[in-house]
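Please examine the sequence and the three-dimensional model shown here before reading on. The paragraphs that follow lead from one region to the next.

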Amino acid sequence: MAKGVARIAVVICSSRKPRANPQIANFVLEAIESTYQDRWSLEPSLKVIDLAERNLPFFDEPDVPSQIHDYTKYAHAHTREWSKEVQSYDGFIFVCPQYNWGYPAVLKNAIDYLYNEWKGKPAMIVSYGGHGGGRAAAQLRQVLCGIHMIPTKKHVELAFPTRSALLDAAYGKDLGLDGFSSKGIWGSQRKEIGDTFAEMMDLLCSNKVGKAFKSAAVTFGMAKQEFRKKFKKSSGEHASGRGEARSEE
């Protein structure tokens with residue numbers, strides 16, 4: 001019997017130029033492919049969405065997105081097209097840099113355009129930055145819970161190993177990433193990416209989706225607790241002069 005298809009979008013969450021986000025998203029795709037185990041009832045079909053190419057203006061809809069249940073009711077053509085694209089996917093992988101302890105405005109803007117199109121869908125976060133982008137991931141998780149998506153319990157943090165690697169990324173230089181090899185930058189984290197993707201596939205393929213969606217309020221509470229812990233820790237680091245003031249892609 002032929003398997004059904006789970007359509008999953010890999011979202012490039014940076015719009016600046018030059019940038020490293022596309023090659024890091026490609027690394028994530030390769031890591032998933034190289035560690036994938038064919039054990040689910042659905043076959044994943046992954047496609048890249050580049051928010052720079054989508055080029056949405058700052059949110060300009062006159063109505064509240066949570067009150068719109070028919071995409072034809074949006075006022076603007078760019079919103080209707082964005083709605084149709086998001087509706088077409090079953091899950092999302094957000095590959096996200098950390099800027100000044102947060103995630104990029106272009107991603108928040110893209111999320112805020114819609115509501116019901118995101119609702120109930122599994123999501124996976126891969127953050128990156130000077131220290132892995134954990135603060136950006138924590139904030140993004142809160143927002144995804146707020147729109148009733150179902151984030152995986154795990155997320156992946158990719159930290160640049162050296163200052164020179166960080167600067168190379170900031171200027172869009174080739175980082176030599178290889179998601180099929182354990183060598184090179186982040187090669188040792190391929191399994192972590194694969195395991196987190198497996199958790200996402202479990203959500204897509206089982207009744208865990210329904211159970212997780214019913215517990216969205218609990219999940220949101222957990223996200224807030226995680227963020228408070230990280231904030232408390234980072235405040236202590238900042239006071240002692242060891243905090244990360246800025247983490248570029």
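Helices here are DSSP runs of H or I with at least four residues, numbered from the N terminus. The model under discussion is a predicted one.

With that definition in hand, consider helix H7. Because Lys191 and Asp195 are four residues apart in helix H7, about one helical turn separates them. Their side chains form a salt bridge, with a distance of 2.8 Å from N to O. Lys191 is exposed, since its relative accessible area is 57%, whereas Asp195 is partly exposed at 31% relative accessibility.

Another of them joins Asp38 to Lys3, and here the closest N and O atoms are 2.3 Å apart. This bridge links distant parts of the chain: Asp38 is in the loop between H1 and strand S2 (42–50), Lys3 is in the segment before strand S1 (4–12), and the two are 35 residues apart. Asp38 has a relative accessible area of 54% and is therefore exposed, while Lys3, at 36% relative accessibility, is partly exposed.

A further salt bridge is found between Asp202 and Arg39, at 3.8 Å from N to O. Asp202 lies in helix H7 and Arg39 in the loop between H1 and S2, so this bridge ties together parts that are 163 residues apart in sequence. Both partners are partly exposed: Asp202 has a relative accessible area of 23%, and Arg39 has one of 48%.

How do the axes of helices H1 and H7 cross? The axes of H1 (residues 21–35) and H7 (residues 190–205) come within 8 Å and cross at roughly 80°. Angles of 65 to 115 degrees count as roughly perpendicular, and H1 and H7 are therefore roughly perpendicular to each other. Among the residues that make this contact are Phe27, Ala31 and Ile32 of H1, together with Ile193, Gly194 and Phe197 of H7.

Attention now turns to loops. Glu61 is located in the loop between helix H2 (51–54) and helix H3 (77–87). Glu61 is buried yet has no salt bridge. The nearest side chain of opposite charge, that of Arg80, is 6.3 Å away, and a salt bridge requires the nitrogen and the carboxyl oxygen to be within 4 Å. The side chain of Glu61 does, however, reach the backbone nitrogen of Ala75 at 2.8 Å. Residues up to four places away in sequence aside, Glu61 touches Tyr74, Ala75, His76, Thr79 and Tyr113.

A polar atom of the Gln98 side chain lies 3.2 Å from the backbone nitrogen of Arg135.

Two further loop residues remain. Leaving out residues up to four places away in sequence, its contacts include Ala20, Ile24, Phe160 and Ile185. Lys153, by contrast, counts as exposed at 71% relative accessibility, and its place is in the loop between strand S5 (150–151) and strand S6 (156–159). Beyond its neighbours within four places in sequence, Lys153 is in contact with Arg141 and Glu199.

Terms used. Residues numbered from 1 in each chain as written. Predicted model: local features only at pLDDT ≥ 70, side-chain atom pairs only at ≥ 80, totals over all residues. Heavy atoms only, no water. Buried < 20%, exposed > 50% of the residue type's maximum accessible area, 1.4 Å probe, protein only. Lys, Arg positive; Asp, Glu negative; His and termini not counted. Polar contact = N/O pair within 3.5 Å; in protein donor to acceptor, adjacent residues only side chain to side chain. Contact = heavy atoms within 4.5 Å. Axes fitted to C-alpha atoms, helices over the stretch in contact; angles between N-to-C directions. Parallel < 35°, antiparallel > 145°, perpendicular 65-115°, else oblique.
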